[in-house]
Amino acid sequence: MTGVFLEVVRTHFATSLAKQDQPHTIALHIEFLRRTQAGPATFKVNDVKLGRQTSIVHVSMEQDGRQEVIAYVTNSNIDKEEGFTFDTEYQLIPPVPTVDFSKLEQDTDPNWKRQGEMPFAKFRKASGKVTFHFPRQGQAIKSGADEWLCFSDGSNFNSTSIGFVADMFPQIIERHRDQSQGPFWYPTLLLNLDIKKSLPPQGVKWLQIRVNMKKIKNGRMDLEVFVHDAEGDLVALSHHVGFVLDASRNTAARTKTDSKI
């Protein structure tokens, strides 16, 4: 869903706001008011603030007359950004295992193994769009996960794909629950995205994701997501606030009003 919002905004800035010359989303805040469903949707874009360096738009998504998702999105031109730059010596701890992409494609990399169908794939159909590669020796920490992703159909990730991969990872909470519990549904309440760099026009085949979870309490959880490219450069940061609910809440018939989660 986040990727669709980014594509809507990309189109808006390429057409209605072309004169702004601000093709790159650098920040997004999105609120999931109600659960969505497969099928047609209507997106509405309102210009909130048009500026020389950045511009902000408000985007809403409706289905069957219900406003279900809203977002504020900030665009700029990353290629023309200039200003102070400092090396913060940022690095992931623990470090991500090394990778050989030629071996990763053949599933022979000594540090990474291709994942088959993800658990509850029929329930989370979007996971079938990508191929996951996880550490062969298992994840380094119980409350986190590392992965390399590529699209299953061989296409490349572009800048709007960042919203998709920022929400595509194993469900860490599954390592914590008792097997008698569940299955669960993990709806996102809100998601923030901070995009540090744009991907090249032709896109990239591989993106590396790390996701960490800090606290799970009373049915509410957090997720922190780091997106890196094949060169190890930081592409984006994302923070999620989500719920832990019984899966029946997502499969139940929708009412006419269908209130918030």
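**Entry 1: Thr42**

I began with Thr42, which, leaving aside neighbours within four places in sequence, is in contact with Ser60, Met61 and Glu62. I count a contact when heavy atoms lie within 4.5 Å. The model is predicted, so I note that local features need pLDDT of at least 70 and side-chain atom pairs pLDDT 80 or more, while totals for chains, interfaces and linings use all residues. Residues are numbered from 1 along each chain as its sequence is written, and side-chain values use heavy atoms, with hydrogens and water left out.

I found Thr42 in strand β2 (residues 42-50). Strands here are DSSP runs of E with at least two residues, helices are runs of H or I with at least four, and both are numbered from the N terminus. Thr42 and Glu62 are 20 residues apart in sequence, yet their C-alpha atoms are 5.1 Å apart in space. The scale calls a residue buried under 20% relative accessible area, exposed over 50%, and partly exposed in between, with a 1.4 Å probe and protein chains only.

**Entry 2: His133**

Is His133 buried or exposed? I have His133 down as buried, because its relative accessibility is 1%. His133 is found in strand β6 (residues 130-135). Not counting residues up to four places away in sequence, His133 touches Leu104, Trp112, Lys113, Arg114, Asp146, Glu147, Trp148, Cys150 and Trp206.

**Entry 3: Aromatic rings**

How many aromatic pairs does a search of the whole structure find? I noted seven. One of them is Phe151 with Phe157, a tilted pair at 4.4 Å centre to centre and 40° between the planes. The rule takes rings of Phe, Tyr and Trp (its six-membered ring) as a pair if their centres lie within 6.5 Å; planes under 30 degrees apart are stacked, over 60 edge-to-face, and the rest tilted. Phe151 is buried at 16% relative accessible area, and Phe157 is buried at 0%. I also noted one aromatic cluster formed by Phe101, Trp148 and Trp206. Trp148 and Trp206 were already on my list of residues that His133 touches.

**Entry 4: Salt bridges**

Side chains of opposite charge can pair when their charged atoms come close. I noted twelve salt bridges in the structure; each is a side-chain nitrogen of Lys or Arg within 4 Å of a carboxyl oxygen of Asp or Glu.

I looked at Glu7 and Arg10, whose closest N and O atoms are 2.7 Å apart. They are three residues apart in helix α1 (residues 2-14), so about one helical turn separates them. Glu7 is partly exposed at 30% relative accessibility, and Arg10 is partly exposed with a relative accessible area of 37%.

Glu105 and Lys205 also meet in a salt bridge, at 2.8 Å from N to O. This pair links distant parts of the chain, 100 residues apart: Glu105 is in helix α2 (residues 101-106), and Lys205 is in the loop between β9 (188-195) and β10 (207-212). Glu105 is partly exposed at 40%, as is Lys205 at 31%.

Lys196 and Asp194 form a salt bridge at 2.8 Å, N to O. Lys196 is partly exposed at 41%, and Asp194 is partly exposed at 29%. I noted a network of salt bridges too, linking Asp64, Arg66 and Glu68.

**Entry 5: Pocket and cavities**

On a 1 Å grid over the protein atoms alone, a pocket is an open set of points with protein on both sides within 12 Å along at least five of seven lines; in a cavity a 1.4 Å probe fits but cannot get out, and lining residues have an atom within 4 Å of a point. Points are joined across faces, edges and corners, and a volume is the space filled by probe spheres set on the points.

How many cavities of 30 Å³ or more are there? I wrote down two. The largest cavity has a volume of about 40 Å³, and β7 gives the largest share of its lining, three residues. The second largest cavity, of about 30 Å³, is lined by residues including Phe169, Pro170 and Met221.
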